Structure formats: structure tokens, C-alpha cells
Amino acid sequence: MQPESGANGTAIAEFILLGLVEAPGLQPVVFVLFLFAYLVTVGGNLSILAAILVEPKLHTPMYFFLGNLSVLDVGCISVTVPSVLSRLLSHKHAVPYGACLTQLFFFHLFVGVDCFLLTAMAYDRFLAICRPLTYSTRMSQTVQRMLVAASWACAFTNALTHTVAMSTLNFCGPNVINHFYCDLPQLFQLSCSSTQLNELLLFAVGFIMAGTPMALIVISYIHVAAAVLRIRSAEGRKKAFSTCGSHLTVVVIFYGSGIFNYMRLGSTKLSDKDKAVGIFNTVINPMLNPIIYSLRNPDVQSALWRMLTGRRLLAWGGLN
């Protein structure tokens, strides 16, 4: 997918990503912090995924979706952070046009699946608390797989739509991006052709991809809250709410940072605030998810502990 020469000038073949900091003395610090965040995120999410796979107690729909969420978090941070680390080591800021669009596609793919998967998790909590008698049939393994497959299909369509629409724009002027990864707001700023249709497409598709799932999550939790408040015992209410706390925390962080990022499309200049939001979307969110679910969920904690102690006992038995 090579850009062609246009009437307004020669189409650029690469973009220059300025990264997070320009001062050479701070780049090693940024490298260490990003590497640490990447290792913590990958290690934490893969540990949760392993615990879900090996612990029979966690073979339930809620943890099936949590395992898929862990895979998404690893994919989401892997789209941006390894390339940032590579540029910090090589001191090269140039990114080929095709590589930039590829990063754009996979970023929106993983984020899109995240939107629908969080909605499926809210629906699971709704059925478990509000429809307990029919929960096992309404949330069967077939239904779980269909929800995940539909999430991937919708997200793929969304990511492909934005990538194809972006490939129709002309880039014949400045090619410097004051950011550390390629995304729609940054590329809109550099296009020498009109981006009005692309921005309208972003808002229209965004309403479907983010607005509809968010509305369904809110509706689900309104019913959940009403059902929980009808429980007479304080212990019963606490137990019901505890299964929703982690998910609600992740939803608020995910949608809050995402909405702030794409509401700034009309800004004429990209600032350090955009970089901070980008760090939150691509690094902090995937890193926080395993921490939130492991700290607030005793089942995950006990499964991780048994997995770690089981390995230790196995290693000790092998020495003897």
C-alpha cells in the first residue's frame, strides 16, 4: 500500500514520530519505564490467563470473558510499546506509511473488541444476578463463543473501515507527528486533503462502537443495582456488588480515557496532554486491568497463589 504522487505534491512515504521526550537525557528513563510497564502488563495478563486455564473453579462465563480481556490487553500494549522501545534504542523516528496504517488498524481492532467484550461481561453480570434461574442456559458455552466472535467481527469491520478511509487521504506536506504512535487525530492533522468525511465517519461509527456498548452497560447495571438493592441481607448485597466492582472500575477507566482522546479532534495543535492520554490508553489501561482484577477478586488471587505454590512444590519435589 504505497502512496502515489498527487496534484498537490509528492505524497510522503514515511512519518516522523517525535516520541514522548526530545531531551536525550530523559530517553533512557522513558525506555526503562516503558519496558517495565510492558513486562508487568504481559506478565500480569498471562498469569491471569494461565490461572483461568488451570483452575477448574474459574471455568465460568465471567472468567472466560476475563481471559479474553487479558489476551486483548497483551495485544493492545504490544501494538505500541515495542515499537516505542525499538525507536528509543535505534534513535530512529521514521515510520513507513504502511507501518503507520498497520499500527492504526491493529490498535482500533483491539480497542474495538475491548468495547464489545466489556459489554458482554456486563450482560453476564446482568444474567447472573437478575436472571439466575435461566443463567446457565442463556450464557452457555455456545453463547459465550458467539459473543466473543461477534466482538471480533464488529471490531475488525470498524478497524478496516477507518484504515481504508485513512488510506484515501493525501499526505503531501509536513510529516512530523508530535506523538509516539499513529492514530486518527494525529494523522488528520497532517492530511493535505479534507478530513471532514473521515471525522464524520469516526463519530458515526464511534457512536455504534462505543456509544451503543456504553448504553447497554449502563442499562445492565441499572437492572443489577435494582436487583441487588432488593436483597435483604447486607452480606448478600456485598457479595453481589463485589462481583461487579472490578468490571465497573475497568469500564470507567476505559471509556473515560477513550472519550477524552477522541473529543479533541477539533484541536488545532497536538499537545503533551494528548501524549498523556495516549499513555493512559495504550500503557496504563492494559497494565491496570490485571491489577484491578487480581486485587479485588479473591478467586483470582487464590488461583494465582495455588498456581505459584504448585510450581514451587513441583520444583522442590524434583530436587528431592
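Buried means under 20% relative accessible area, exposed over 50% and partly exposed in between, with a 1.4 Å probe and protein chains only. By that rule Tyr181 is buried, at a relative accessible area of 1%. The model is predicted, so local features need pLDDT of at least 70 and side-chain atom pairs count only at pLDDT 80 or more, while totals for chains, interfaces and linings use all residues. Residues are numbered from 1 along each chain as its sequence is written, and side-chain values use heavy atoms, leaving out hydrogens and water.

**Aromatic pairs**

- The structure holds 13 aromatic pairs (rings of Phe, Tyr and Trp, the last by its six-membered ring, with centres within 6.5 Å; planes under 30 degrees apart are stacked, over 60 edge-to-face and the rest tilted).
- Phe34 and Phe180 form an edge-to-face pair, with ring centres 6.0 Å apart and planes at 90°.
- Phe34 lies in helix H1 (residues 27–54) and Phe180 in the loop between strand S3 (176–177) and helix H6 (184–190), so the pair ties together parts 146 residues apart in sequence.
- Phe34 is buried at 7% relative accessible area, and Phe180 is buried at 1%.
- Phe180 also pairs edge-to-face with Tyr181, the centres being 5.0 Å apart and the planes at 70°.
- One aromatic cluster is formed by Phe105, Phe106, Phe110, Trp152 and Phe156.

**Helix packing**

- Helices H5 (residues 141–167) and H7 (residues 196–229) pack at about 175°, with axes 11 Å apart.
- H5 and H7 are therefore roughly antiparallel (angles over 145 degrees).
- Residues of H5 that meet H7 include Cys154, Asn158 and His162; among their H7 counterparts are Asn198 and Met209.

Conventions: Axes fitted to C-alpha atoms, helices over the stretch in contact; angles between N-to-C directions. Helix = DSSP H or I, 4+ residues; strand = E, 2+ residues; numbered from the N terminus. Parallel < 35°, antiparallel > 145°, perpendicular 65-115°, else oblique. Contact = heavy atoms within 4.5 Å.
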